[in-house]
Amino acid sequence: MIAVRDLGVSRGGMPVLAGVQFALSSGEALVLRGPNGIGKTTLLRTLARLQPPLCGEILGDVDDIAYAAHADGLKLTLTVDENLAFWARVFGGGDPEAAIRAFDLASLRDRPAGGLSAGQKRRLSLARLMVTGRRLWILDEPTVSLDAASVQLFASTIRSHLAAGGAAIMATHIDLGIEGRVLDLAPFKAKLPAFDADDAGGFL
Ligand SMILES: Nc1ncnc2c1ncn2[C@@H]1O[C@H](COP(=O)(O)OP(=O)(O)OP(=O)(O)O)[C@@H](O)[C@H]1O
């Protein structure tokens, strides 16, 4: 569903990761691991084509991708129901009622998203993925703000998505109990360009 060859990514003009390679098929999950600042968000944004790669290739259809960033990206004045209906209309995808059930949102359906708690907003944001109908979910720290029960709802949604032929790439520090591969990004840390003292002129 997606394959990456010799990919280099950058942030703020600086190389962050180099030589990243992997391929992911339908039904598979890939978890990105690595310390703070290694480049998980930068890689996910690049895979979602929100920023261009520094070098290398990303193979796969961008229209397969639904991306959920750190920020929840909700329409704060719309209700839970209206948010899901909006995204279902935009993507022409899945069933909002299934998403409401999967993330236990029935009792919140008439509440404006702006009036939800952080964890409730996160549940709505993840429910949104289901109505996109997209096959490849790219998720940045999806469980932030979720309580233990909501983490289980999320894990079970991911399992169903994989079983239905979807795929997921996510950065998370917690073990979701999902069968999947782990990609440690530490070995792909980009080397900074060598410092040339001659170029520093009279500044040293
Ligand atoms: N807005 C920015 N401008 C410039 N550099 C940035 C910016 N945001 C992040 N960086 C730098 O880019 C590098 C990669 O950051 P990134 O957010 O991708 O890491 P991460 O692995 O997702 O980190 P975390 O686990 O803390 O979320 C880091 O060295 C970081 O300092």
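Tutor: A residue is buried if 20 or more other C-beta atoms, placed from the backbone, lie within 10 Å of its own, exposed if 12 or fewer, and partly exposed in between. By this test, 35% of the 204 residues of the protein chain count as buried. The model is predicted: local features need pLDDT of at least 70, side-chain atom pairs count only at pLDDT 80 or more, and totals for chains, interfaces and linings use all residues. Residues are numbered from 1 along each chain as its sequence is written.

Student: What makes the length of helix 2 agree with its number of residues?

Tutor: Helices are DSSP runs of H or I, at least four residues, and strands are runs of E, at least two, numbered from the N terminus. The expected span is 1.5 Å times one less than the number of residues. The 12 residues of helix 2 (residues 80–91) should therefore span 16 Å, and the end C-alpha atoms are 17 Å apart, which agrees.

Student: Which residues of helix 2 are buried, and why are they said to be on the same side?

Tutor: Val 80, Asn 83, Leu 84 and Trp 87 are buried. They cover an arc (that of the directions from the helix axis to the C-beta atoms) of only 95 degrees, which puts them on the same side of helix 2. An α-helix has 3.6 residues a turn, so residues three or four places apart point the same way.

Student: What covers the buried residues of helix 2?

Tutor: The cover includes helix 3 (96–102) and helix 4 (118–132); contact requires C-beta atoms, placed from the backbone, within 7 Å.

Terms used
Contact = placed C-beta atoms within 7 Å.
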